[in-house]
Amino acid sequence: MLKILLFLWFPISIMLACNCTKGKNDDHKNVIISKIYHKSGPKDTDTLWVSQNDSTVFRKEDVMIKYPESHPKLTVRYTLIHPKNDAYYFIYNDKQQLIEEGKYTAQYTYEGISYNDGNFYNLKRYSYKKNGNLQTKHYQEDGRNLKTEFFNNDGQLTEIKYFNKKSSDIEKVEIYKKGKLKETRIYKSFNTYDTVKAGE
């Protein structure tokens, strides 16, 4: 069953497409989402809900990636086809899980430097456990790592890692217990930090 999240306060036009060929292995893989909210004024933003499985929106490629001191690994790369500049995207995987959201920008300026490679310079990226529960929520700002939030099986926040935007080094880590801040680790170097207990 296709489940669509509706934002009732937005005037949304909905387009659905589906590969209707039935088979024994049919699950979510043939489901395609394509929802559009068109801006109503110059200060508003076009909003798109899309699926990586939608071949009209994404080009899917199998590529081999080689990391230092590791064997080459086959992975799937998704590339937006004709991305809409300044539109806010909600991107779902084949399990209908939200995996990324952010504004696509064809040109971006940060600290006086202009970048002409279209990308999501400010985004949130989500990862999930095998049971489908949220595992991490990663934030990027100005095209740089900002922080990552970690969650347990009950959906409670357990840890937040903050990064230096220029070097991507960890600056501090907040540890949570039962949703409340327990301690903060302030990093001096790669593996050296001071610990500050909550309330001190």
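At 33% relative accessibility, Ser168 counts as partly exposed, where buried means under 20% relative accessible area, exposed over 50%, and partly exposed in between (1.4 Å probe, protein chains only). The residue is placed in the loop between β13 (157-163) and β14 (170-177); strands (E, at least two residues) and helices (H or I, at least four) are DSSP runs numbered from the N terminus. Although Ser168 is not a glycine, its phi is positive, at about 65 degrees. Asp86 likewise has a positive phi, near 65 degrees, in a residue other than glycine. Most residues other than glycine have a negative phi. Asp86 is found in the loop between β5 and β6 (88-92) and, with a relative accessibility of 39%, is partly exposed.

The structure is a predicted model, in which local features need pLDDT of at least 70 and side-chain atom pairs count only at pLDDT 80 or more, whereas totals for chains, interfaces and linings use all residues. Residues are numbered from 1 along each chain as its sequence is written, and side-chain values use heavy atoms, with hydrogens and water left out.

The secondary structure of the protein consists of zero helices and 16 strands. Of its 200 residues, 32% are buried. Contact denotes heavy atoms within 4.5 Å; among contacts between residues at least 6 apart in sequence, 23% join residues at least 24 apart.

Asp54 counts as buried because its relative accessible area is 3%. Its side chain forms a polar contact of 2.5 Å with that of Thr56; a polar contact is a pair of N or O atoms within 3.5 Å, where within protein one must be able to donate a hydrogen and the other to accept it, and residues adjacent in sequence count only if both atoms are side-chain atoms. Asp54 and Tyr92 are 38 residues apart along the chain, and their C-alpha atoms are separated by 9.8 Å.

Glu183 belongs to strand β15 (residues 180-189) and is buried, with a relative accessibility of 9%. Strand β15 runs antiparallel to β16 (residues 192-197), to which six bridges join it; strands pair if DSSP finds at least two bridges between them. A hairpin through two residues connects β15 to β16, and Lys197 is the bridge partner of Glu183 in β16. Beyond neighbours within four places in sequence, Glu183 contacts Val173, Glu174, Ile175, Thr195, Val196, Lys197 and Ala198. The side chains of Glu183 and Arg185 are joined by a polar contact of 3.1 Å. Lys147, in strand β12 (residues 144-151), is buried at 19% relative accessibility. Residues up to four places away in sequence being excluded, Lys147 touches Lys137, His138, Tyr139, Ile160, Lys161, Tyr162 and Phe163.

β4 (58-65), β5 (73-80), β7 (98-105) and β10 (119-128) each contribute at least two residues to the lining of the largest pocket. The greatest contribution to this lining is that of β5, with five residues. By class, the lining comprises nine nonpolar, eight polar and five charged residues, where Ala, Val, Leu, Ile, Met, Phe, Trp, Tyr, Cys and Pro count as nonpolar, Asp, Glu, Lys and Arg as charged, and the others, Gly among them, as polar.
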